[in-house]
Amino acid sequence: RYSNKWSLALRLRGATAKDISTLGGRCANVWWAETIKKANRHFGKQRGQKASTPHETTKTRKTKSTPSTYVVEKNKSGKEVLVIDDLSDEHTPSPPPPPPPKIGENNASDHDDVDGIEEDELIASRESESIPTSKTAFKNHPLFVIPSTLKHKEVLSPDSKNRICGIFKGEMVYKRADVSKALVAKKWLYKGRKVRHEEMTKPAKIVKARQKPTKIGFQAIASYGVTKSDQADTIITSGIGCEDDDGNSRLYGVWQTNEWAPRTIGPDDNIPVNEYKNVELALLNPGLIHLRLHRIATVAKTLGIPYAPCLLGFEGHGGNLTPTIRGIVVHQHNVDMLHEAHTEWESQTVEIEYRKRQELIHRRWRRIVIGIMTKERLEREYAKD
């Protein structure tokens, strides 16, 4: 498959800087001819010593300069070798070869043709590739797969049974192209797709949900220091990621989903929030804007503008994931008013902080001055004692 690059390297080898400058940046195509001439010197003596054999064939090609002969001979090991015999005088300088075409002009189409041929050969080799003979080879094989080597969230498409490639130890062999990744219903929303309502009761795969690691150390009682409503929130929170009562996750394939986009929120509509009273930035509805300014929630609350905290994602590793909430989400028509109010609030905040700072400085100076005056009075009254 690298024959085109190899032929390009042959044209570039053997050229000096002088040759390149003389030919305007092109290399003289003389490397192969020089190699053949060196081979002729080696086999010329043997050709002169022995007579021609029945295996030798001679072909003559005449050009404007001098004729040349191609001779097929056997070397010492008995292998046939192609030799060029130059009929002209060795001392007579041969005319310079014609300059080759510039690289990138006439050879561009040839390279494209070669690339197309290589792609066809690769496709043909894939189609003719045999089925692996071990279960380990199926795990990461690019063409074939068996159901027992599928990963945790990999499933086969429903019509994969129509393209069975064979049988391996009692298991059907399918094509790797029929394997896709299955996700829970909520994660399909982040991909811009939604599971159809009639498919909710027919998951493609049911797997055991990953359990959170147990905490080491003090374990509080379930009813310790919380009210009944807090207990209910705790119960809801503990079921994150589990879509079944038995702790299993339902996975759905891409063929069970349709394209989906969040609905547009109008100026008079309420801001849709999740069960934790916030809005996920990845599922932000059209018509809502995310504002990430310092204490922007205080300004919105003061003006009475409806808003909701914005969830950017989760931070941490392992089972210790904490939500990252930054900024708020408001209606698009309230953005300009909030920007102006926030600018005014920041200026007022700077003035209030400046006054507080000045008052603090005055109190400290007053304390120092009173201390010095008290010290002088005490020294003046009780210095004699």
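Colleague: Which residues gather in a patch of positive charge on the surface?
Modeller: This is a predicted model, so to speak of local features we need pLDDT of at least 70, and side-chain atom pairs count only at pLDDT 80 or more, while totals for chains, interfaces and linings use all residues. Residues are numbered from 1 along each chain as its sequence is written, and side-chain values use heavy atoms, leaving out hydrogens and water. The positive group is Lys181, Lys187, Lys191 and Arg210.

Colleague: Is Lys181 buried or exposed?
Modeller: Lys181 is in strand 8, residues 179–181. Buried is under 20% relative accessible area, exposed over 50%, partly exposed in between. Lys181 has 54% relative accessibility, so it counts as exposed.

Colleague: And which helix holds Asp115?
Modeller: Asp115 belongs to a negative surface patch with Glu119, Asp120 and Glu121. At 34% relative accessibility, Asp115 is partly exposed. Its helix spans residues 107–127, and that's helix 4.

Colleague: How many strands does the chain have?
Modeller: Helices (H or I, at least four residues) and strands (E, at least two) are DSSP runs numbered from the N terminus. There are nine helices, and the strands come to 16.

Colleague: What share of the residues counts as buried?
Modeller: The accessible surface is about 28,700 Å², with 55% of it on carbon and sulfur atoms. Of the 385 residues, the buried share is 22%.

Notes: Buried < 20%, exposed > 50% of the residue type's maximum accessible area, 1.4 Å probe, protein only. Areas by Shrake-Rupley, 256 points an atom, 1.4 Å probe, with all protein chains shown as cover. Patch = residues over 30% accessible without salt bridge, like charges linked within 9 Å, V, L, I, M, F, W, Y side chains within 5 Å. Salt bridge = Lys/Arg side-chain N within 4 Å of Asp/Glu carboxyl O. Lys, Arg positive; Asp, Glu negative; His and termini not counted. Charge placed at Lys NZ, Arg CZ, Asp CG, Glu CD.
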